[in-house]
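Good morning, and thank you for making time for this presentation. I would ask you to keep the sequence and the structure in view while I speak.

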Amino acid sequence: MPLTAFVISGVQKLVLYETRARYFLVGSNNAQTKHRVLKIDRTEPRDLVVIDDKHVYSQQELRELLGRLDLGNRTKIGQKGSSGLSRAVSAFGIVGFVRFLEGYYIILITKRRKVADIGGHSIYKIEDTNMIYIPNDSVRVTHPDEARYVRMFQNVDLSSNFYFSYSYDLSHSLQYNLTLLRIPCEPAEVEELYSSCSKQDSFDIFEDEGLPTQVVHGLKNEPYAKYVWNSRLLEKIRDTVHPDWLMYIIHGFCGQSKLLIYGRPVYVTLIARRSSRFAGTRFLKRGANCEGDVANEVETEQIIHDASVMSFTAGSYSSYVQVRGSVPLYWSQDISTMMPKPPIRLDQADPYAHVAALHFDQMLQRFGSPIIILNLVKKREKRKHEKILSEELCRAIINLNQFLSPEHCIDYIAWDMARYTKSKLCNVLDRLGMIAENVVKRTGFYINRSDFHCHTLRPDERWGDLGGLVTAHGRLQTGVLRTNCVDCLDRTNTAQFMVGKCALAYQLYALGMIDKPKLQFDTDSVRLFEELYEDHGDTLSLQYGGSQLVHRVKTYRKIAPWTQHSKDIMQTLSRYYSNAFSDADRQDAINLFLQVYQPSESKPHLWELPTDFYLHQSNTMALPQERRSYTYWWSDGVLSYLPVPYDEVPCEKNRKKVLVKRVNQYDESTDMYTEFFKPYELTSFDDTFCIAMTNSAREFMPKSVGLDPSPFTVRKPEETGKSVLGNKSNKEEAVLQRKTAASAPPPPSEEQISSSSEDDSEEDREEDATASQRSTPIKLAELGDNVRTQEEHQQQPARETYGLNLSALPQDEDLLIYHRFAHLGQNQHKVERREQSTGLQKTLENVISLVPVSSFDGDSIYEMMPPRVDLESRIVFEDHIHAGRGLIRPLCREDLLLYREYIKNRYM
């Protein structure tokens, strides 16, 4: 079967050239060896006219084309002062095209930053964009409200948490993408992805020599529209331009950190995809719409992979997916009362759970079964508030489950997390840990390798109970955990962290990194993971609620310092202010960006609408053509493949979403090695992304000598890399405390534990570390008491020197062997001078004869064994010598293939 690989976009660097009549958008691949041209007409005041030049230009051809355009657009012949073709802007991708009341605008990404790397596929964050008006000033038809719509559209800050990739589909999970690579492509299904390729591009000058190349099937998949945020902005050009021009962006969060396990790099990646349907702000988007899309729906995926092997086929990759989202009912909160907690009301009666059925049908298609719901809203209240949602959701799930088979029923777990938090007798995280263990055992997780023998070499009873689907290529996650509270922010993030921590332990165990699937708090690995999840929670909370998290993992562990309470109050006030005064403007901007509302002169302006309810509820504007069954509430074909998700089944419907391009193994469009390492560029090692990313050894591992460097060792607060001891004025006292950190009790103040490390500079930490290595806090005896001094030096803890504690002093026999070894090492550098007779003559007296001092024949300082060179290296060296003399050996088949690719790329 031919190899499969993802197609790398051939448009990664863009330059916009301008004339009076047209914009010319030149797109190049990363190596800038192939170029495409997009022509945008500027003479149309309202319509968008985009012409894709199907030809692929070389660098020389592009230079000649731009020269002809420059010459043809000058005002006068021979005039050089005012060029007819001017360079407008450089960019890295097209976000889309948008029109309000005048002509169209083009939105270009002008600045990007790499934030993650998955199997050599780079993920970028948008840092800056440029919005350019297309029509010329001479044909522009002005409108007084155009500027207001532009400002409203730009309220969606594209530089905050929008991500894209040129070669990796961010809208799908890793399990979906890697499963796609393993689906065999039938010869009849292989279509030419680039139908514009000319005969010259496919011409093979070695075709007559009978040297077939390795065929690779390049795959380009249709993105999952729910998590794409610029899908509507690309609608006008989707069917008219080459697929390389289309770049889909997601909104949410993406973070990556490096976990070093005794020098072995393991990348921990967290990707959150926010749904673009029924999207909005906290109090303005609650519950679900008529199509089953819920508010604040975010799919969070944690990816663990061994970074020592980059390839998707040869590397080790694991992922786990979970979901958060508002309660799938018709409900809302009235914010006109200006109350911190407006009353919850059910807007429509839904006795047959029609909306919940549509929502869970989507989940069954994407994730399979079982679907587990963790409902964290309150159960007991003096005045009914959150309890309304719990009761209605429970009734809806009971109604839906009666039509499903028992093995695929929706599991419902209701747990009042707020009530447990107030109780002094209950540990919230322990209870969440038990729930997480049961959830992960039921759903399993994804891993792309089946040849790991961790459960055989280090058996654990929990591994046998693990759920999911075991295949010939590894394991698949079947089903998903859906967590919700009222806002799906603070409580949900903590619950997702605990489930993710449990899944992380199983993932590391399956990859052979730890001996049992269990991770403890206060280890470097969990601290790193907790920091990722806090950034993830803060980002999602800012997008939906207008402030960062109020309650964090430390809050529920009850180790947060008292200063955290004042920060929580400030975040609560910030959230209240945002909800009361700025959420309406943000909601209008989101509606305009997602093209839920499209401006027109024939309908009211967006700011004139009393509500956006009708924009998100399609059934209010037109009667539905057909009503779905209340009993047969799932889509056709979904139940027949459960527990495997229908979207990952290689059926005919899913195969139509994949375009296949047949290329050879050296083609640029599938060559991940060239794409990642860029051998045509001069790269500084210190500037590479893998050096700059968060590192467990650098950020979390203790800087003192003698502590276990394993990231799975439990640390005390004063042992962490972000040490609290740097605030001390007396550095010697700090050194002594750091030396005895392993045995010292934790400090009484929690404030010192959490505040410290950000205040210390890097120079102070380095000075402390070097001082701790130099200093020896041992009481010296009196000079005259030599015997006592030797005893104290022998009995001092070996941890000070070697980093470990010996149970007892060495025995006398072992000490004698060590003395002999030390004496041998001292005598090794002594050289004896003597006369050496050969029988015929005597050597001169000043000639030194090197004779081994040791009784072993091979133990001397002058004897040297020549390096052993294998046969292949000798042949390479001999060929190099012969080539210098003009004798060239005949080329082998691999050399001919390599030379052929060079000729094609260089001259054709």
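Glu 127 forms a salt bridge with Lys 125, and their closest N and O atoms are 3.2 Å apart. Please bear in mind throughout that this is a predicted model. Are the two partners buried or exposed? Glu 127 is partly exposed, at a relative accessible area of 26%. Lys 125, in contrast, has a relative accessible area of 10% and counts as buried, because the limit for that term is under 20%.

I turn now to strand β13, which covers residues 264-274. Nine of its eleven residues are buried, so the rest of the structure largely encloses this strand. Which strands pair with β13? One is β12, residues 250-261, which pairs with β13 in the antiparallel sense over ten bridges. Within that pairing, Phe 253 has Ala 272 of β13 as its bridge partner. The hairpin of β12 and β13 has two residues between the strands, and Tyr 262 there takes a positive phi near 50°. The other is β14, residues 298-306, which runs antiparallel to β13 and is joined to it by nine bridges. Here Tyr 267 stands opposite His 305 of β14.

Arg 273 and Glu 301 meet in a salt bridge, with an N to O distance of 2.5 Å. Arg 273 belongs to strand β13 and Glu 301 to strand β14, so this pair ties together parts that are 28 residues apart in sequence. Both Arg 273 and Glu 301 are buried.

Arg 282 forms a salt bridge with Asp 487, the closest N and O atoms being 2.9 Å apart. Asp 487 lies in the loop between β23, residues 480-484, and α9, residues 490-510, so the pair ties together parts that are 205 residues apart in sequence. Arg 282 is buried, with a relative accessible area of 11%, and Asp 487 is likewise buried, at 13%. To return to Arg 273 and Glu 301, salt bridges that share partners join these two residues with Glu 299 and Arg 366 into one network.

Which residues does Ser 173 contact? Setting aside neighbours within four places in sequence, Ser 173 is in contact with Tyr 168, Arg 273, Glu 299, Glu 301, Val 321 and Arg 366. Ser 173 sits in the loop between β10, residues 162-164, and α3. With a relative accessible area of 9%, Ser 173 is buried.

Strand β11, residues 215-221, pairs with β24 in the antiparallel sense over seven bridges, and His 217 has Arg 662 of β24 as its bridge partner. The buried residues of α3 include Leu 174, Tyr 176, Leu 178 and Leu 181.

My final topic is a pair of helices. Two packed helices are described by the angle between their axes and the distance between the axes. The axes of α7, residues 428-443, and α9 come within 8 Å and cross at roughly 55°. That angle makes α7 oblique to α9. The crossing of α7 past α9 is right-handed. On the α7 side, the contact residues include Leu 429, Leu 432, Gly 433, Ala 436 and Val 440. On the α9 side, among them are Ala 495, Met 498, Val 499, Cys 502 and Tyr 506. In general, an α-helix has 3.6 residues a turn, so residues three or four places apart point the same way.

How values were computed
Residues are numbered from 1 along each chain as its sequence is written. This is a predicted model: local features need pLDDT of at least 70, side-chain atom pairs count only at pLDDT 80 or more; totals for chains, interfaces and linings use all residues. Side-chain values use heavy atoms; hydrogens and water are left out. Buried means under 20% relative accessible area, exposed over 50%, partly exposed in between (1.4 Å probe, protein chains only). Helices (H or I, at least four residues) and strands (E, at least two) are DSSP runs, numbered from the N terminus. Two strands pair if DSSP finds at least two bridges between them. A salt bridge is a side-chain nitrogen of Lys or Arg within 4 Å of a carboxyl oxygen of Asp or Glu. Axes are lines fitted to C-alpha atoms, for helices over the stretch in contact, and angles run from 0 to 180 degrees between N-to-C directions. Angles under 35 degrees count as roughly parallel, over 145 as roughly antiparallel, 65 to 115 as roughly perpendicular and the rest as oblique. A crossing is left-handed if the near helix is turned anticlockwise from the far one by less than a right angle, and right-handed if clockwise. Contact means heavy atoms within 4.5 Å.
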